[in-house]
Amino acid sequence: MGNTVDQKILSRWRLILGTAAEEELNRCSSGGQMDLTSEEMIMDRALAAIYDQTDGMGGEDSSRSGTRGAGQGQSAPRLAQWLGDVRTFFPEDVVSVIQHDAMERKGWKQLLFEPEVLATVKPDIQMVGTLLALKGKIPEKTKDTARMLVQAVVDELIKRMQQDIQRAVTGALNRRQHTPLSSLSGIDWKRTIQRNLKHYDAGLQRIIPERFYYFDRAKRNKEWTVIVDIDQSGSMAESVIWASVIGSIFASIPALDTRVVVFDTEVVDLTEQCANDPVEMLFGIQLGGGTNIDKSVAYCEQFITEPKKTLFIIISDLYEGGNQARLIRRMREMREAGVKTLGLLALSDEGKPFYDERLAKTLAKDGTPCFACTPALLPQLVEGALKGEDLTELAKKLDTKGK
């Protein structure tokens, strides 16, 4: 049993270290020669294709014999086979890492344009980011497959987030449901008085209304305005995907009037696409280019009709290419008017963002907390904003929790 355990440990190290460590590991083997099983040989070839100096995906003979000579090129069928092997023998979270490394280390992005390859890819957020960055080059024969992959990821993210966000919003708003104060602006006083004259109390010399009447029920349902302003520069790819999904969830909640805006040096309003089809919205985003945050904030200001019932979320690394001083002034004035403002330097499950620390500190000093946020923590931020909590203090707590 001891020898078997030793062999398993050595095999794992062999898969991690590759052929360079084979001779040394053989010396450590109790049998003098360490042999990989057939499954381990397939796993080894899949890893070698990405992490060894050789191609690792040579012709059919080498792929089945276990040798690792340099290949004759990276044909789509061989890549499709490689992807199939990776998905078969590695856990899902490891598959995502290996796929991402394949795109970055080996430059195989162009091969995603082959339908048989794309159909084999495991849908994940990193792969969607790659597809969106390359979408202008995707040939017609692959577009439907690419859209199905993006749709699968978007559906999964919505499923993951929708209940938590809806619960956060409805929980915050329902807390005030039993007081008329939040709805005073919508009351039709003339009609309310006329309909309640029979409830006049002579002793108190006043009308005790049994029911209030409102001018426009549909308008009254939009209790808060939520503006999501998204930086579509290339470094923000994963955050853009999450922001689009969360924007579509906000848009599905009747109590919120949601606006979704994306920007680089130009500003594009994608509110309608986000509400109707977040996948279409993603394909309308142009990842890369410059950044003019001030211009986007100026555009968003037109949607602020009730500052104290507006939540403004800017998702950006804050590397401003426009007028930084004017941006700081706009954000300060927005806060002073009563708008709840929040800066998310990244909206993703992992990774510490690169961002303009100086601008982030300046905005934070003015009352706009700026920090990286995981999607799981966002519902708590939204709920806190709608409840009137101090977002700076709440952000500090959640930032600590996220770490």
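Predicted model: local features only at pLDDT ≥ 70, side-chain atom pairs only at ≥ 80, totals over all residues.
Local features need pLDDT of at least 70, side-chain atom pairs count only at pLDDT 80 or more, and totals for chains, interfaces and linings use all residues. Residues are numbered from 1 along each chain as its sequence is written, and side-chain values use heavy atoms, with hydrogens and water left out.

**View 1. Thr341 in strand E7.** The strand spans residues 340-347 (strands are DSSP runs of E, at least two residues, numbered from the N terminus). Thr341 has a relative accessible area of 1%, so this residue is buried (under 20% is buried, over 50% exposed, in between partly exposed; 1.4 Å probe, protein chains only). Beyond its neighbours within four places in sequence, Thr341 is in contact with residues including Phe312, Met331, Arg335 and Leu391 (contact means heavy atoms within 4.5 Å).

**View 2. The aromatic pair of Tyr299 and Phe303.** The structure holds one such pair. The ring centres lie 5.5 Å apart and the planes meet at 70°, so the pair is edge-to-face (centres within 6.5 Å for rings of Phe, Tyr and Trp, the last by its six-membered ring; planes under 30 degrees apart are stacked, over 60 edge-to-face, the rest tilted). Tyr299 is partly exposed at 28% relative accessibility. Phe303 is buried at 16%. The charged end of Arg259 sits over the Phe303 ring, 4.1 Å from its centre (NZ of Lys or CZ of Arg within 6 Å of the ring centre and within 35 degrees of the ring normal).

**View 3. Cysteines Cys274 and Cys300.** Cys274 is buried, at 1% relative accessible area. Cys300 is buried too, at 0%. The whole structure has zero disulfides (pairs of cysteine sulfur atoms within 2.5 Å).

Key. Helix = DSSP H or I, 4+ residues; strand = E, 2+ residues; numbered from the N terminus.
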